[in-house]
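Subject: Structure handover

Hello,

Here is the structure I promised to pass on. Please open it first, then read my notes below.

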Amino acid sequence: MLKVLKAGFYTTVQDSGRFCYRNKGVPVSGVMDEMSVFKINSLLENEESSAVLEITMTGPTLIFEKETYMALGGAEMSATLNDLPIQNYKVYLIEIGDMLSFGRLEKGFRSYLGVKGGFTTKEMLGSRSFYKPITKYNRVIDNDMVSYEAQEVFLPKISEIKVDSFLDNLVLEVSKGPEFDILSDKQLEDIFSKTFTVAHENNRMAYQLTETISPHKISMLTSATIPGTVQLTPVGKLIVLMKDGQTTGGYPRAVQLTDKAICILAQKKGGDSISFKLV
Amino acid sequence: MNSPKINIKSFGIHSVLIEWPNEVSELILDKILHFERFLNKEVFTNKEWELVPSYNSLLIINRTKKIDFEKFSFNINQWYVQLKETPKPDRYLWRLPVSYDLEFGIDLEMVANQLHKTKEEIIALHTRATYTVFGIGFLPGFMYLGGINKELEIPRKAEPRSKVVKGAVGIAGKQTGIYPQESPGGWNIIGNCAVPIFDASKENPCFVSVGDNIEFYEISKAEHDLNKIEAEVGIYKPEKIIMDA
């Protein structure tokens, strides 16, 4: 078990997502920044779908109650293991009683903790990803226990990787959304020329952007949305749906973020700037 | 009947959207569900694929792989032409009990006043219609129901409530539906349905599918309380009738 002394701002268990229930309105969920988690699970030689802890903005304080190996990735949060600084994308041996804590958020917004074999919390509808009410809780709280299996011997093929960080990247690459062609020239010009600020209304469901573009009166029937869909509301506000985003929506779907752009945006917080580029 | 024309659009690298004419129509919904059934049975037989129907569209998603749009849209057109050879899917009519007791129907008196009707007339209008599920979204198990009586059309509340209880039955504009879980909401609440529309502990967490029909019937508060207990212990079975395809 991993004992949660302090939960931090918003810490959840996430895997690669909950599939095949979107026709019943269930969001896909799963890790927001797939690229960082892919590297962690590769280092630990885990399955790609192994569950990790997603740690948002302010990190938790955690005590390991079983031996294992761990790796961190994503945001840089001044992590320490038994009060000694540790780095991202490096495998560390964990002994019983080791304490992992986090300090200042240096860069990015979401950090990830992987353990050998992944976390083994209860699967609901084929996934461990937290999403209330599919799972009982929406996040871990103080004194929770998060389960994993003990791992005594593991010789990683690669114990450390240097990564090309995308945490400073401000450009979100997008393709055309289904309603792209019915937007006005002015709206399209605004989308691709303006710099947008991430609003404080940002979470696992959606990121709102502060600056607005020209309003519209387009009326459409509710239709499917996916993570990375950028909706344009009638008042000209842009809303980027993320992993816990609703599965259908009635606003025009202006553009669609690439998988990499979703990871880049997942590492942004309120007040950060971004821009869109059509590819 | 000639098949209505489809329009195929790329939507990210993992999904493709098929659109039918932009109208709320049972005929179009029939065609979409027929095609969905064909694709599920004949083409996308593994769990790598997911299909999401809604009103006039069908989204096809691959979990991980990139879709070659040109090739894929050519295939979709071919499959659409072959469609007539497969049987239509089974569709169900679900009869759901609603208590319109004022304890649950917190806006029922206001709705009646605003529409210049009695509470009984509102209940009669709401229970007399047969509704069609045109989509499921917004929340797990939240049904977009079409077919509300024109006389029940009323604007959504100016100030949405921060908390609407699970099972609340609401009306707003041309829509009616049930909140499958506690959530914020702006619809006018006229009753409560204790049948759990969504239950994550079940293999099929939502018994309703897009294309099914829904009817509501009135029950007393006492019956509602009993339904609620049955639902909590998991023995309640909603009443279903197979529809003529």
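To start with chain A: 49% of its 279 residues count as buried. Keep in mind that this is a predicted model.

**Chain A as a whole**

The secondary structure of chain A comes to 3 helices and 20 strands. Its C-alpha trace spans about 60 × 35 × 35 Å along the principal axes. What about the radius of gyration? For 279 residues, a compact globule would come out near 19 Å, and chain A agrees, because its value is 19 Å.

In the contact between them, 19 residues of domain 1 of chain A meet 15 residues of domain 2 of chain A. On the domain 1 side, α1 (34-43), β5 (68-76) and β10 (107-115) of chain A each supply at least two residues. That side of domain 1 of chain A has 9 nonpolar, 6 polar and 4 charged residues.

**Strand β13 of chain A**

This strand is worth a look in the viewer. β13 of chain A covers residues 196-202 and runs antiparallel to β20 (residues 273-278) of chain A, with 2 bridges between them. In this pairing, A:F196 stands opposite A:I274. β13(A) also pairs with β14 (residues 206-209) of chain A, again antiparallel and through 2 bridges. Here A:V198 stands opposite A:L209. How many residues does the hairpin between β13(A) and β14(A) use? The hairpin joins the two strands through 3 residues.

**The two domains of chain B**

Chain B is also assigned two domains: domain 1 (7-85) and domain 2 (92-242). The centres of these domains, taken over C-alpha atoms, are separated by 30 Å. Their contact takes 7 residues from domain 1 of chain B and 7 residues from domain 2 of chain B. On the domain 1 side, α1 (26-43) and β3 of chain B each give at least two residues. α1(B) gives the most, with 3 residues. By class, this side of domain 1 of chain B divides into 5 nonpolar, 1 polar and 1 charged.

**Where the chains meet**

The contact between the chains involves 33 residues of chain B and 25 residues of chain A. Which strands of chain B supply at least two residues each to the side that touches chain A? They are β1 (7-11), β2 (15-19), β3 (49-54), β4 (57-62) and β6 (131-136). The largest share, 5 residues, comes from β3(B). The side of chain B that touches chain A is made up of 19 nonpolar, 10 polar and 4 charged residues.

**The nonpolar core**

The largest nonpolar core holds 130 residues. The members that touch the most others are A:V52, A:Y112, A:V240, A:L265, B:L59 and B:M143. Take A:Y112 as an example. Leaving out residues up to four places away in sequence, A:Y112 touches A:V31, A:S36, A:V37, A:I40, A:V52, A:L53, A:E54, A:I55, A:L72, A:G73 and A:G74.

That is everything for now.

Best wishes

Notes: Residues are numbered from 1 along each chain as its sequence is written. Chains are lettered from A and ligands numbered from 1 in the order in which they are written. This is a predicted model: local features need pLDDT of at least 70, side-chain atom pairs count only at pLDDT 80 or more; totals for chains, interfaces and linings use all residues. Helices (H or I, at least four residues) and strands (E, at least two) are DSSP runs, numbered from the N terminus. The radius of gyration is taken over C-alpha atoms; the globule rule is 2.2 Å times the number of residues to the power 0.38. A residue is buried if 20 or more other C-beta atoms lie within 10 Å of its own, exposed if 12 or fewer, and partly exposed in between; C-beta atoms are placed from the backbone. Two residues are in contact if their C-beta atoms, placed from the backbone, lie within 7 Å. Ala, Val, Leu, Ile, Met, Phe, Trp, Tyr, Cys and Pro count as nonpolar, Asp, Glu, Lys and Arg as charged, and the others, Gly among them, as polar. A nonpolar core is a set of buried Ala, Val, Leu, Ile, Met, Phe, Trp, Tyr and Cys residues joined through C-beta atoms within 7 Å. Domain bounds come from an automatic or database domain assignment. Two strands pair if DSSP finds at least two bridges between them.
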